[in-house]
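Hi everyone, thanks for coming.

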Amino acid sequence: MENAISFNIKVWRQAGPKEQGRFEVYQMQDIPTDTSFLEMLDILNEQLIEQGKEPIAFDHDCREGICGMCSLYINGHPHGPATGATTCQLYMRRFHDGETITVEPWRSAAFPVIRDLMVNRNAFDQIQQAGGYVSFNTGGAQDANALPISKVDADEAMDSASCIGCGACVAACKNGSAMLFVSAKVSQFALLPQGKPEAARRVKAMLQKMDELGFGNCTNTGACAAECPKQIKLSNISRLNREYICAKLAD
Amino acid sequence: MWLTNSSVGRKVVMSVTGLFLILFLTFHTLMNAVALFGFKYYEAICEFLGANWYALVGTAILAGGFVLHIIFAFWLTFQNRKARGNDRYEESAKPASVEWASQNMLVLGIIVLCFMGLHLCQFWAKMQLPEIMGEHPQSGTDALALAFGNWWTLPIYLVGFCALWFHITHGFWSAFQTIGTANEKWICRFKCIGWWWATIVMGLFAIEAIYFTLHFNNIINC
Ligand code: HEM
Ligand code: SF4
Ligand code: FES
């Protein structure tokens, strides 16, 4: 019966940012396939605690795909083998009996490991703080007809706004580039009238912060968009380039 | 200066020089193609360009574009490796939509660079350089005969063309994405145009090289 599977799980263990890390292999017996990946790690941690060992540290919060905290690199993919889903939305039915599942932290210079599978994504907060907001009071909701926005733009802005800031794009990128994240954060405002007054200032500040923090230069490989759990589109990056180039030419 | 001290600016330099080089290659292959119709026409083009002031200005701009492209290529790749860090994934899977060329642009560029070194020795050093130095240049046809009379020239050129084909199939749409001219629809269109452009330009180069090899080894007589 395939309602429960047994497998090996190979997990990256690292005691602290400066410590040397290594893989540990654990055996998991009869895990129901309806278990979510994070619940499976909870079960493993309970076992470790019972054995008097250190539990595995990993980030998680909402467990419903909206907060962007979960961040595991599973079997060669950020957020695992499913497309359009976060780690917390991944279930054990994706895996096979007897397989060895490899779990690693995001690996990128700008996201140093804090402990085990947990990385420091503070760099994203700093980019957001540099300009990823509207700084004036936009007032209460207006009458819908007062500010017409085309359906196409509204949809695209909404799609861009679905970025949860998880960092899978950086984790997937061979250049350690944060362009997909920054482009989503710039696009969600650049497409709407409320975002236009500060658009030039915003794109310059966010991009400068991104460069300052040591993220790489985008070579348009597209691994980010292919792995993004929110399926943020690659065309956002071209919009970011366009916004930035126009802002610089206008100076 | 934003073209050097921002990531997008540096990519703009890559993109503009890259597109310029693609344009140059396109004219280059068309001028070579003239030789397919008769070497006397080819000679006429060689003579027309020679080392006239406009040919020299053109060469200088071209060389400048190349040097910029190559310096920025190493610079960007070095920065990217640093940003990626030293820790590698134990297991990593390339998503199907990621082109192989897009992750190996520097390697492809270095192959192109080696091929270009040979190519410049075989032609530029024999044709334009002596003229600049005030010496007697070799005729275009003689240079062709000397280069393609060697059996090893053709395989090396074909490797160079292959590397360029991969470089351009990715580079073409990537360049338009970089300068901000792409969107969901146009990414597909640029990819398609780039594929055809690279295939036609490189295919034509390959046909020319094969023809010259056969002709100057007296295998065909036309
Ligand atoms: C005639 C020859 C060449 C042509 C037509 C060409 C064309 C291009 C184009 C169109 C791009 C895309 C730019 C972008 O993504 O915005 C590019 C990128 C690149 N080229 Fe070339 N190139 C040539 C020679 C070289 C050489 C000799 C090297 C290196 C030694 C090189 C290294 C690179 C690298 C590393 C990139 C990726 C840069 C990045 O995206 O960060 N290329 N090339
Ligand atoms: S763009 Fe996608 S992968 Fe990158 S941070 Fe946003 S949701 Fe995560
Ligand atoms: S835990 Fe919130 S998105 Fe996965």
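Let's start with a definition: donors are N, O and S atoms within 2.8 Å of the metal (3.2 Å for Na, K and Ca), and water is not among the atoms, so sites may look incomplete. Six donors count as octahedral if opposite donors are over 155 degrees apart and all others between 65 and 115.

Before we use that: this is a predicted model, where local features need pLDDT of at least 70, side-chain atom pairs count only at pLDDT 80 or more, and totals for chains, interfaces and linings use all residues. Residues are numbered from 1 along each chain, chains are lettered from A and ligands numbered from 1 as written, and side-chain values use heavy atoms, without hydrogens or water.

So, what is the site of the iron atom of ligand 1 like? Octahedral, with 6 donor atoms and angles of 86 to 180 degrees. The protein gives His69(B) and His167(B), each through NE2, 2.0 Å from the iron. His69(B) sits in helix α4 of chain B and His167(B) in helix α7 of chain B, so the pair ties together parts 98 residues apart in sequence. Helices here are DSSP runs (H or I, at least four residues).

Now the interface. Here 42 residues of chain B are in contact with 46 of chain A, contact meaning heavy atoms within 4.5 Å.

Definitions and conventions: Four donors count as tetrahedral if all angles lie between 85 and 135 degrees; four count as square planar and six as octahedral if opposite donors are over 155 degrees apart and all others between 65 and 115; anything else is irregular. Helices (H or I, at least four residues) and strands (E, at least two) are DSSP runs, numbered from the N terminus.
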